[in-house]
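This report describes one protein chain for a reader who is new to structures. Please look at the sequence and the model below before reading on.

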Amino acid sequence: MTSPRTLYDKLWDRRCVKQNEDGTSLIYIDRHIVHEVSSAQAFEGLKAAGRKPWRTSAIIATPDHNVPTTEREKGIDGITDDTSRIQVKTLDDNCNAFEVPQFALKDKRQGIVHVIAPEQGLTLPGMTVVCGDSHTATHGAFAALGVGIGTSEVEHVLATQCLIQRKAKNLRIDVSGQLGRGVTAKDVVLYIISQIGTAAGTGCTIEFTGDAIYSLSMEGRMTLCNMAIEAGARAGLVAYDATTEAYVKDRPLAPKGADWDKAVAMWRKLKSDDGAKFDIDYFFKAEDIRPQVSWGTSPEMVVAVDATVPTVASLPENKSADYQKAMQYMGLEPGQPITSIQLDRVFVGSCTNSRIEDIRAVAEVVKGKHIAPTIKQALVVPGSGLVKQQAEDEGLDKVITAAGFEWRSPGCSMCLAMNADRLYEGEHCASTSNRNFESRQGSGGRTHLVSPAMAAAAAINGHFVDISKEAAL
Ligand SMILES: CC(C)[C@H](C(=O)O)[C@@H](O)C(=O)O
Ligand code: SF4
């Protein structure tokens, strides 16, 4: 009898081609997602070695980081920034030269890598999914092993469809109970990171378990797994269940007919066995989780919206210096109420929160209202052309623009400011993205990570408010 295995063990065993004596293994890769920032040198390497991609049908490419979110009809030549244009053009040229499938800039299916692949059924349960991008952890929501890789590994996977990996430890994070009103997957993951820290997942794959996790939609699970990397892990997972099955069914590239039945029979085994051993365990209760706001420059510097910036006395000794430096950068006083922070801009988007449910959540909060006069700009950037289209079909763009938001075209946008969408020195932004590092959204910018509903309510009020107490919900 085989011993009980975790979901991660099962995914690993399925695709482990060879175990090496040095403790590494060769893993077969089912899906390779490619964007313009981390692929140019990899294609260059292939060219120099006279190689071709080993299996082009396993690859999907799309430009996302550098793309403008306005005037899309102008295409690549309309990108005014030279570096951005060259990167997007180089991806386009490489896809043409190597016959790699691409959702190009003007394609309706273009968007952020981690949004488009699940949307198309390119990410399926049980797969190994890689991308030259740290947030590839997102795909773990499908009980798939999603790992971010570096540019030299992108070249390796292009050439061989395999990757050398060292098996990670199994870490379980269990959230039991029911989430309260206004508490979303984003609040869950921000809360978890605030409790365990950004290094807790180092060398681990996280499996999220518990009623509160299983009650999340697939979009919520993607938000959760997306930020596993901010907890230090390379991958995050949620077991396969009826929610996964319903989401995947009828996606353009999901198996059909008899293939579907065969696939589902296998997918239903994609969960940890009873008695499977985890190396590390954390247990949380859903009722302890309130809407969250990050106040500092690391995703662990997070508190509930009705709390304050930490007081100096409350800081853990080993973190005191970093935390005080963060307060200074953010222009905040120790003990200052989170609701007193004045905001300049609001950004709804990124691979964490730019899917249709996120946009619906924003529309619900802002319907019939208007952004505060002190807000200089509020952006909603859908994660893909298809999300944008669906939102427009539902009339959400009208609700959102009537409230004073700008409705843009898909891409990473103000998540990392590689295009024209950015913060300026000293500005505070309520952002639905995943990283609040110094200058992440523009030089000197100050990021506060929140859920879409919290960002929307902050735009209306000019400062953070407790969404769980808002009448609109
Ligand atoms: C540019 C890219 C390689 C990077 C990543 O790996 O995550 C980006 O997506 C980010 O979010 O910082
Ligand atoms: S949206 Fe942000 S986090 Fe996601 S891939 Fe783009 S830059 Fe990275």
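In what order do the 3 strands of the antiparallel open sheet lie? The order is β1-β2-β7, where two strands pair if DSSP finds at least two bridges between them. Helices (H or I, at least four residues) and strands (E, at least two) are DSSP runs, numbered from the N terminus.

## The model and its confidence

This is a predicted model, in which local features need pLDDT of at least 70 and side-chain atom pairs count only at pLDDT 80 or more, while totals for chains, interfaces and linings use all residues. Residues are numbered from 1 along each chain as its sequence is written, and chains are lettered from A and ligands numbered from 1 in the order in which they are written.

The predictor's confidence in each residue is called pLDDT and runs from 0 to 100. Its average over the protein chain is 97, and 99% of the residues score at least 70. Where pLDDT is low, the predicted coordinates should not be read in detail. The scores of the model are ipTM 0.99 and pTM 0.98.

## Overall shape

The protein chain has 15 helices and 18 strands. Its C-alpha trace spans about 55 × 55 × 45 Å along the principal axes. The radius of gyration, taken over C-alpha atoms, is compared with a globule rule of 2.2 Å times the number of residues to the power 0.38. For 473 residues a compact globule would come near 23 Å, and the 21 Å of the protein chain agrees with this.

A residue is buried if 20 or more other C-beta atoms lie within 10 Å of its own, exposed if 12 or fewer, and partly exposed in between; the C-beta atoms are placed from the backbone. By this count, 51% of the 473 residues are buried. Two residues are in contact if their C-beta atoms, placed from the backbone, lie within 7 Å. Among contacts with a separation of 6 or more, 77% join residues 24 or more positions apart.

## Two open sheets

Strands of a sheet pair through backbone hydrogen bonds, either parallel or antiparallel. In the antiparallel sheet β1-β2-β7, the edge strands β1 (16–19) and β7 (162–166) each pair on one side only. The twist from one strand to the next averages 30°; axes here are lines fitted to C-alpha atoms, for helices over the stretch in contact, and angles run from 0 to 180 degrees between N-to-C directions. Strand β2 (residues 24–28) is joined to β7 by 5 antiparallel bridges. Ser-25 has Gln-165 of β7 as its bridge partner.

Another open sheet has 4 strands in the order β10-β9-β8-β11, and its pairing is parallel. Strands β8 (residues 169–176) and β9 (residues 204–209) run parallel and share 6 bridges. Leu-171 has Ile-206 in β9 as its bridge partner.

## The annotated cysteines

Which residues does the UniProt annotation "binding site" cover? In the unreviewed entry, it covers Cys-351, Cys-412 and Cys-415. They are spread over 65 residues of sequence but cluster in space, the largest C-alpha distance being 8.8 Å. UniProt positions are given in the numbering used here, feature names are shortened, and annotations may be inferred rather than shown by experiment.

Cys-412 lies in the loop between β16 (406–407) and β17 (428–431). Cys-412 counts as buried because it has 30 C-beta neighbours inside 10 Å. Apart from neighbours within four places in sequence, Cys-412 is in contact with Asp-64, His-65, Ile-112, Ser-350 and Met-418. Cys-415 is also in the loop between β16 and β17. Cys-415 is buried, with 28 other C-beta atoms within 10 Å.

Helix α12 (residues 356–366) is mostly covered, with 8 of its 11 residues buried. Among the buried residues are Ile-356, Ile-359 and Val-366. The elements covering them include β14 (345–348), β15 (377–380), α13 (385–393), α14 (396–402) and α15 (452–461). Gly-368 follows α12 and has a positive phi, near 75°.

From Met-266 to Leu-396 the C-alpha distance is 38 Å, and the two are 130 residues apart in sequence.
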